[in-house]
Amino acid sequence: MLDDTGAALEYSSGHERLRLEAWGEDSIRVRASQAQLAEELPGALIAPRPAPSAGATSDGITLVNGRLRAQISSDGLVSFWRSDDGHELLSEQKAHFWWPGPRLFVANGNGHYRIEQRFKAYDGEKLYGLGQHLHGRFDQKGLVMDLVQRNAEVSVPFMVSSRGYGFLWNSPAVGRVELANNGTRWVADSARQIDYWVTVGDKPAAILSHYADATGHTPELPSWASGFWQSKLRYRTQEELLAVAREYRRRGVPLAVIVSDFFHWEYLGDWSFHSGEWPDPAAMVNELKSMGTELMVSVWPSVSPLSANYKPMLDRGLLISSEQSTQVHVTWPERGVKSWIGVSIYDSTNPAARDYIWGQVEKNYHKAGIRVFWLDACEPEMQPNYPASLNFAAGPGLEVANLYPREHARGFYEGMVGCGEEEVLLLCRSAWAGSQRYGAAVWSGDIPSTFESLRVQVRAGLNMAMSGIPWWTSDIGGFYKGDPDDPAYRELLVRWFEYGAFCPLFRLHGDRLPNAAMSADMTGGPNEIWSFGEQAYSILRDYIFLRERLRPYLHFVARETSKTGVPIMRPLLLEFSHDETCWDVDDQFMFGPDLLVAPVLEQGADDRSVYLPAGTKWTDAWTGASMPGGAVVTTDAPLERIPIFLRDGARLDIGVFTNQD
């Protein structure tokens, strides 16, 4: 049935209701439910741009929106085609010839269902995106992935297909996606309706642009954010942190950001500095700013019963509630307490709770001049993590839990904008679809310090780029362990640092040996660039200056990213979709449109093979040698050198490191 707008189709069969509607350029949204559709459920899509080319046929079976055509069959199956050449993109598939069909609703009670949505599988299809995962694969085809937020596992239910479409599962419900060879199945453990969005593009970059239009564009990268960030677990006092910043200045090494990590507070949930260890935050911030350095502080969503904020938040219903009537979501070590105690987590889906948190942050941090916030543990971190036992302002845990990190970032973004800040970047350990519009930059969480982990990070970062999250980084050197005095670890640290210099954010962090038990007194081993020996220091220092020379180029690319949605770190397929080989390359990438980066990912390697995409000429940035694309080359890669190539004679100041004494 054609609706009154002429740009949507509605279909009914028994109790099922199905609605297709134009939703942005070359894009269609599909919703299905039992009895009736709900209009205000949480999701990622924002109000669509006008779609003047959209229209439905009078027979009520076909909807065309630009280059995308959707069709409803007589038995209710939805299929998607390119409207210009008739190429099939994606089609729903029945689970069984009799029952169930492509959509399954199994009642959980109170209007909620265990939901399944099935699609056909296609031979040779490749799928990219879906957030950040530790399975070490770039192409997601053939995998089963949980749709749930965990430390180092970020669920963003958007993917790009080699068949020329993008697909968003527009539901924050906990569940899974199965990308099998005999079909694709999206599962929500408990939700009220099916909601998904399909778009088409001639190239993957066009698909990402449509996705940004539909879920929100990232702001421009702040001017300070492109430099080098120094962090460790953890600087215990104001004077200890300032001493590190002063040493960078004494050595003449630029430092854009330095970090005050967790336990800088009296109690978890105070959202303020411990007055004895951090006696004058405003003076600290002013001294750092005089050196060209911003202070970033770690802010957790957790609230200890020892915090002054706990009772007022509990009394106002600002904490996540539970089906079991307990407020304990995780245990935590506190000052003056011998055993770990139960703490709560605030409800980021509650606007009043977001306002409360920002009020504390604005009073205790922002008024002191701090404008960089690290939203750690924002999955949120719970142990055990049982979303089924939680209730949020936005709905039951199983239906909305994946929304948490986006709404957490939203509170800080809206608070900062409300205070007049024009540049916002939030370093987050988790994200969901649409997080990018709130200035969320994601880092890959608490990861091992191994070459295997480094290889995983390269692919994880590329999938985040394909998920519409353009600001991403990892803990350079890995988070867990790493001995600064071990030659093998020093090699890993150097190789990771070289890779990090070409990530959207360039940040050194980790819990180095000797480790200490987690407590308010803990600190990791040394993690400054001079902590790993003279040879490593010389190389790391050079890469910081290389990054400095690249900053104007990086901001040029970042401005385009904010307009188009095309990320800074780009899988080769984004720039060279015409080259079939590029769809399989998962260990090198483009840094913007002009620079190909091939990180060294094997211990002891002093060369590596690099694929140069076809259709352009390439220049080795180290030697100046020019070579055609469409071939694999072997290039020298001594410890101090990461293979990098310039596209078609692009001129960037990177070929020879200059002495910056």
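The legends below describe close-up views of a predicted model.

View 1. Strand S11 runs antiparallel to strand S13 (residues 154-161), and five bridges join the two. Within this view, Gly131 can be found opposite Ser155 in S13.

**View 2. The packing of helix H9 with helix H10.** Helix H9 (residues 487-500) packs with helix H10 (residues 534-564) at an angle of about 5°, and the axes of the two helices are 10 Å apart. Because angles under 35 degrees count as roughly parallel, H9 is described as roughly parallel to H10. On the H9 side the contact is made by Leu493, Val494, Phe497, Glu498 and Gly500, while H10 contributes Ala536, Ile539, Leu540, Tyr543, Ile544 and Arg547. Taken by class, the residues of this contact of H9 with H10 are eight nonpolar, one polar and two charged.

**View 3. The largest cavity.** Rolling a probe the size of a water molecule over the atoms shows where empty space is left. In this model the count comes to eight cavities of 30 Å³ or more, and the largest cavity holds about 130 Å³ of space. Its lining is made up of 14 residues, of which Leu41, Pro42, Asn170, Ser171 and Gln193 are the closest to the centre of the cavity. Divided by class, the lining of the largest cavity has six nonpolar, three polar and five charged residues.

**View 4. The second largest cavity.** The second largest cavity contains about 80 Å³ of space. Residues from several parts of the numbering line the second largest cavity, including Val148 and Gln149, then Glu379, Pro380, Met382, Asn385, Pro387, Leu390 and Phe392, and also Ala401 and Asn402. By class, seven nonpolar, three polar and one charged residues make up the lining of the second largest cavity.

Terms used:
Residues numbered from 1 in each chain as written. Predicted model: local features only at pLDDT ≥ 70, side-chain atom pairs only at ≥ 80, totals over all residues. Heavy atoms only, no water. 1 Å grid on protein atoms, 1.4 Å probe; cavity = no way out; pocket = protein on both sides within 12 Å on 5 of 7 lines; lining within 4 Å. Points joined across faces, edges and corners; volume = space filled by probe spheres on them. Nonpolar A, V, L, I, M, F, W, Y, C, P; charged D, E, K, R; others polar. Axes fitted to C-alpha atoms, helices over the stretch in contact; angles between N-to-C directions. Helix = DSSP H or I, 4+ residues; strand = E, 2+ residues; numbered from the N terminus. Parallel < 35°, antiparallel > 145°, perpendicular 65-115°, else oblique. Contact = heavy atoms within 4.5 Å. Pairing = 2+ DSSP bridges.
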